[in-house]
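Here's a quick briefing to read alongside the model. Have the sequence and the 3D view open, and follow the residues as they come up.

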Amino acid sequence: WGSVIHVNNSKIKISRTLIENNDYQFTDNVVRGVISLFNGAYLQLTESSFTQNDAFYLIANNDSKAEMSHITAVGNTNSNSSNGNFIPFAWMHLGSDTFRVENSIFQNTQGGDDRSLGGLSGKCNLIDNNRDWPGGSYTTGTAQFNNVAGGDARQQSSSDGVDMCQQDTFAWSNNRDIEYQTTPVNENTNPQGMPGEAGGLFDAGFDEVYDNIGNDEFLLTVQKEGSGTGVVISDPLGISCGSDCTEVVFNGTLLELTATATGNSEFIGWSGCPLPSNNVCFITVTESTTVFAEFQPDDLIFKNGFED
């Protein structure tokens, strides 16, 4: 279908995803986007980025609904045009569809060429040109990124997109960034409060920026107990225990620790875990913490000499 993601008459949620280095190839006369929506599709897209894609549109929306928050779109181009290279559009808007985007960054990306059709809305988006963006949906400025050409589209602490957005309005959104951080983090610059305080502002785009971490940095330790063997892996990555059982993480970071028994052992359970669920421990780090995972030998022996 010429798209990275094609949604037809379905609901889809995409989060914490990097959509990058895709090259749109024309196979017919229909212009599609990196993500294309058709026939009543419903897209929920959050904490993701469009980086260095070659396409006419990032989102092609035809009689469908798209809701987006904490998106970064930067470094995208369009070389598939008879008029030569030009920067792509954020959306193609056709028919009786709706498109709302919040708390996002669009750099070197046009809005669209069809604002007059209605159905377009948003708030707290940082853009560097206002072509066909709905009034009141954007702030004009220039974001500063670490290294877009090298694949790092995270903002620098001095970027215009830092500390500019209130919580988004989508009921399905959780306001976590791509590293599972859940709170505003720029103590020195945040005009509305320190991290985690009511009214603190979020950064636009897919990732929070740490400007002055100091006491916002804590040590998470996994300690294995019992005489059995096993490993504990974290998501986001950092702990592989095994060999690496400690990790420095930022305040408010949500991690999933997954315990897997090895050899002839079994996982018994967690202690020190605030939210255990079978072999997974969910923990939001707000202080230095140790979580214990117990493994014991699975030494059941049946009369036939085998474990059934």
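A cavity here means a set of grid points where a 1.4 Å probe fits but cannot get out. With that in hand: this is a predicted model, and it holds 1 cavity of 30 Å³ or more. The chain has 308 residues, of which 48% count as buried, and its secondary structure comes to 0 helices and 24 strands. Among contacts between residues at least 6 apart in sequence, 62% join residues at least 24 apart.

- Rolling a probe the size of a water molecule over the atoms shows where empty space is left.
- The largest cavity has a volume of about 50 Å³.
- Its lining is made up of H70, N175, R176, D177, F202, D203, G205, F206, D207 and E208.
- What kinds of residue line the largest cavity? They split into 5 charged, 3 polar and 2 nonpolar.
- E208, one of those lining residues, sits in the loop between β15 (152-155) and β16 (217-225).
- Is E208 buried or exposed? E208 counts as buried because its relative accessible area is 8%, and the cut-off for buried is under 20%.
- Setting aside residues up to four places away in sequence, E208 touches D177, Q181, T183, P184, V185, F202 and D203.
- Take V185 from that list of contacts: E208 and V185 are 23 residues apart in sequence, with their C-alpha atoms 7.0 Å apart in space.

**The largest pocket**

- The largest pocket contains about 210 Å³ of space.
- It is lined by 13 residues, and the closest to its centre are E179, P236, L237, V249 and T253.
- By type, the pocket lining divides into 7 nonpolar, 4 polar and 2 charged residues.
- Which strand gives the largest share of the pocket lining? That is β19, with 4 residues.
- β19 (246-250) and β20 (253-261) each supply at least two of the lining residues.

**Nonpolar cores**

- The largest nonpolar core has 27 residues, and I35, F50, I59, M68 and F106 touch the most other members.
- Strands that each supply at least two residues of this core are β1 (5-8), β4 (33-38), β5 (42-51), β6 (57-62), β7 (65-74), β8 (89-94) and β9 (98-102).
- The largest share of this core comes from β7, with 4 residues.
- What does I35 touch, leaving aside its neighbours within four places in sequence? Its contacts are I5, I14, I19, L43, L45, F50, L58, I59 and A60.
- Another core lies apart from this one; it has 19 residues, including V249, L257, V285 and A293.

**Aromatic rings**

- A search of the whole structure turns up 6 aromatic pairs.
- One of the pairs is F170 with W172, which is stacked, at 5.1 Å centre to centre and 10 degrees between the planes.
- F170 is buried, with a relative accessible area of 7%, and W172 also counts as buried, at 16% relative accessibility.
- F56, Y57 and F89 are linked into a cluster by ring pairs.

- Most residues other than glycine have a negative phi, and most peptide bonds are trans.
- The peptide bond from D235 to P236 is cis, with omega near 5 degrees.
- P236 lies in the loop between β17 (230-235) and β18 (240-241).
- C241 and G242 are also joined by a cis peptide bond, with omega about 0 degrees, and G242 is in the loop between β18 and β19.
- D163 is not a glycine, yet has a positive phi of about 55 degrees; its place is in the loop between β15 and β16.
- N278 is not a glycine either, and has a positive phi of about 60 degrees; N278 lies in the loop between β22 (275-277) and β23 (280-285).
- D163 counts as buried at 8% relative accessibility, whereas N278 is exposed, with a relative accessible area of 71%.

**A buried serine**

- S137 is found in the loop between β12 (125-127) and β13 (138-140).
- S137 is buried, with a relative accessible area of 2%.
- Not counting residues up to four places away in sequence, S137 touches G122, K123, C124 and N125.

Methods: Residues numbered from 1 in each chain as written. Predicted model: local features only at pLDDT ≥ 70, side-chain atom pairs only at ≥ 80, totals over all residues. Heavy atoms only, no water. 1 Å grid on protein atoms, 1.4 Å probe; cavity = no way out; pocket = protein on both sides within 12 Å on 5 of 7 lines; lining within 4 Å. Points joined across faces, edges and corners; volume = space filled by probe spheres on them. Nonpolar A, V, L, I, M, F, W, Y, C, P; charged D, E, K, R; others polar. Core = buried A, V, L, I, M, F, W, Y, C linked by side-chain atoms within 4.5 Å. Buried < 20%, exposed > 50% of the residue type's maximum accessible area, 1.4 Å probe, protein only. Contact = heavy atoms within 4.5 Å. Phe/Tyr/Trp six-rings, centres within 6.5 Å; stacked < 30°, edge-to-face > 60°.
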